[in-house]
Amino acid sequence: MNDVFFQDPWWLIVIKVLALFVILLLWTIFNVWYERRLVGKMQHRLGPIMNGPFGLAQALADGAKLLVKEDFRPQHTDKWVFNLAPVLTGMAAFTTWTVIPFGGQVEIFGVSTRLQVTDLPVAVLFVMAIASIGIYGIVLAGWASNSTYAFLGAMRSSAQMISYEIAMGLSIVGVFLMTGTMSTYGIVEAQQAPVIFQVPFTDMQFNIGLMGWYALLLAPSFVIYGIAMVGETNRAPFDLPECESELVSGYLTEYSGFRYAMFFLAEYINMATVSAVCTTLFLGGYLPFWPLNLIEPLNNAWLGPLWFVIKVQLLFSVFVWLRGTLPRFRYDQFMDLGWKRLIPISLLWIVMVAVAPMYTVALAIVLVAILIVFASRRKQQERVPPVDPDEVFDAFAGGYPVPPRPGQVLPELARVIRSEPAQPTESEER
């Protein structure tokens, strides 16, 4: 790695950084338009169509409006932290991309380099660390706003960060065990080898012919990372830190203008970031799809960014699909999924991969079978006990309104069922 990285001249590094900055800004503008159009199609609406060709200028106009919109700070807020929070989140969103490989080794103005700003022996850990710093921007925004709703949103964000970053970190341990490296470039190159299926407890091997993407070889890790990356980015159905039905707008409640635009920009870049990391770790990064990889001209390093962008955009479409189809989780369901499901399954899967790394496909099938059996037994144990049909359900008996269980009826319905006359109200008596 050192024979290419850290040897680039300063002007080439500047070109890479500027190109990355421009690409992320333009890509974000496109993703805002893309999400609104795709959700519109799902809900049988048109979406933005008026400004520019196909409505592409609508997102650009909205961004320009935020830049010139009134930007005020409420009284009794912490001035420095209030201003620092969006900057911190925005810088973290851009910094992560410095270790994401867009393509292989190419030649630029006679200099041999790779389509990547730089790489590190612990590049994946660098990505996780920078992602944590971005979450701190959200926490600081809620704390500095001097608002109850913003503070509650920040607290939810901190709990969300702890819960789902653990699951996300555990999900990529299997990739480290298979490749023996944390370099993003090394992980992508390790996925060029074809998939070899070995029959357990025998010497028989079969070349399936597919590329060795870890989405296939480490399917449980891929699924767990996919769930965790939605929770990490505060997107529906896991958008608890800014759920408008409970917290107005959560940690963003007191922000407006340019500072609000920074958070908005960081959110969309973070969605692309986790999708890019998923593409790098599990979907072969800049490598072409199978069977296109069998066509030699399509393996050109300059085509790497094309394959990379297509994969990331497909993963971004999953975010939009989830937003348009799933309702928001309750907070207890959200925590239950992270701590009682994803983390234990990740730990079990890591042990299985560490013990028998050559049998990952068979181990994935075994893990799915274990989960199905466990889930069916637990469902039987959690069956609701039968309810006495003569018992009248009091929704406020515990001091907090709760819905009736299957078989229970509300007092008004109980009177109708039993044909009991309802007691007249005071207005009726008068």
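This is a predicted model: local features need pLDDT of at least 70, side-chain atom pairs count only at pLDDT 80 or more; totals for chains, interfaces and linings use all residues.
Q: Is Phe-109 buried or exposed?
A: A residue counts as exposed when its relative accessible area is over 50%. The relative accessibility of Phe-109 is 69%, so Phe-109 counts as exposed.

Q: What is the phi of Phe-109, which is not a glycine?
A: Most residues other than glycine have a negative phi. Phe-109 is not a glycine, although its phi is positive, at about 50°.

Q: How many salt bridges does the count come to?
A: Side chains of opposite charge can pair when their charged atoms come close. The rule asks for a side-chain nitrogen of Lys or Arg within 4 Å of a carboxyl oxygen of Asp or Glu. By this rule the count comes to eight.

Q: How many residues apart are Glu-35 and Arg-235, which form a salt bridge?
A: The closest N and O atoms of Glu-35 and Arg-235 are 2.3 Å apart. Glu-35 lies in helix α1 (residues 10-42), while Arg-235 lies in the loop between α9 (219-232) and α10 (244-247). The pair thus links distant parts of the chain, and the separation is 200 residues.

Q: Is Glu-35 buried or exposed?
A: Buried means under 20% relative accessible area. The relative accessible area of Glu-35 is 0%, so Glu-35 is buried.

Q: Which helix holds Glu-267, whose side chain meets that of Arg-235 in a salt bridge?
A: The N to O distance between Arg-235 and Glu-267 is 3.3 Å. Both Arg-235 and Glu-267 are buried. The two are 32 residues apart, with Arg-235 in the loop between α9 and α10 and Glu-267 in helix α11 (residues 257-282).

Q: Is Arg-328 buried or partly exposed?
A: Arg-328 meets Asp-239 in a salt bridge with an N to O distance of 3.0 Å. Arg-328 lies in the loop between α12 (304-325) and α13 (331-355), 89 residues from Asp-239 in the loop between α9 and α10. Asp-239 is buried, with a relative accessible area of 12%. The relative accessible area of Arg-328 is 26%, so Arg-328 is partly exposed.

Q: Which residues make a nonpolar surface patch of about 360 Å²?
A: One member, Trp-10, lies in helix α1. At 66% relative accessibility, Trp-10 counts as exposed. The patch is made by Trp-10, Val-14 and Leu-18.

Q: How far apart are the end C-alpha atoms of residues 301-322?
A: UniProt, in an unreviewed entry, places the feature "transmembrane region" at several spans, including residues 268-289 and 301-322. Residues 268-289 are 68% helix and 0% strand, with end C-alpha atoms 25 Å apart. Residues 301-322 are 86% helix and 0% strand, and their end C-alpha atoms lie 33 Å apart.

Q: Which helix gives the most to the lining of the largest pocket?
A: About 1,200 Å³ of space lies in this pocket. Its lining has 43 residues, and Val-32, Tyr-260, Phe-264, Leu-265 and Tyr-268 lie nearest its centre. At least two lining residues come from each of α1, α2 (57-68), α3 (79-95) and α11. With nine residues, the helix that gives the most is α11.

Q: What is the volume of the largest cavity?
A: Rolling a probe the size of a water molecule over the atoms shows where empty space is left. The count comes to two cavities of 30 Å³ or more. The volume of the largest cavity is about 310 Å³.

Q: Which residues lie closest to the centre of the largest cavity?
A: The largest cavity has a volume of about 310 Å³. It is lined by 25 residues, the closest to its centre being Ala-131, Ile-135, Glu-232, Thr-233 and Asn-270.

Definitions and conventions: Residues are numbered from 1 along each chain as its sequence is written. Side-chain values use heavy atoms; hydrogens and water are left out. Helices (H or I, at least four residues) and strands (E, at least two) are DSSP runs, numbered from the N terminus. Buried means under 20% relative accessible area, exposed over 50%, partly exposed in between (1.4 Å probe, protein chains only). Patches are made of residues with over 30% relative accessible area and no salt bridge: like charges are joined within 9 Å, nonpolar side chains (Val, Leu, Ile, Met, Phe, Trp, Tyr) within 5 Å. Accessible areas come from the Shrake-Rupley method with a 1.4 Å probe; for residues, only the protein chains shown count as cover. UniProt positions are given in the numbering used here, feature names are shortened, and annotations may be inferred rather than shown by experiment. On a 1 Å grid over the protein atoms alone, a cavity is a set of points where a 1.4 Å probe fits but cannot get out, and a pocket is an open set with protein on both sides within 12 Å along at least five of seven lines; lining residues have an atom within 4 Å of a point. Grid points are joined across faces, edges and corners, and a volume is the space filled by probe spheres set on the points.
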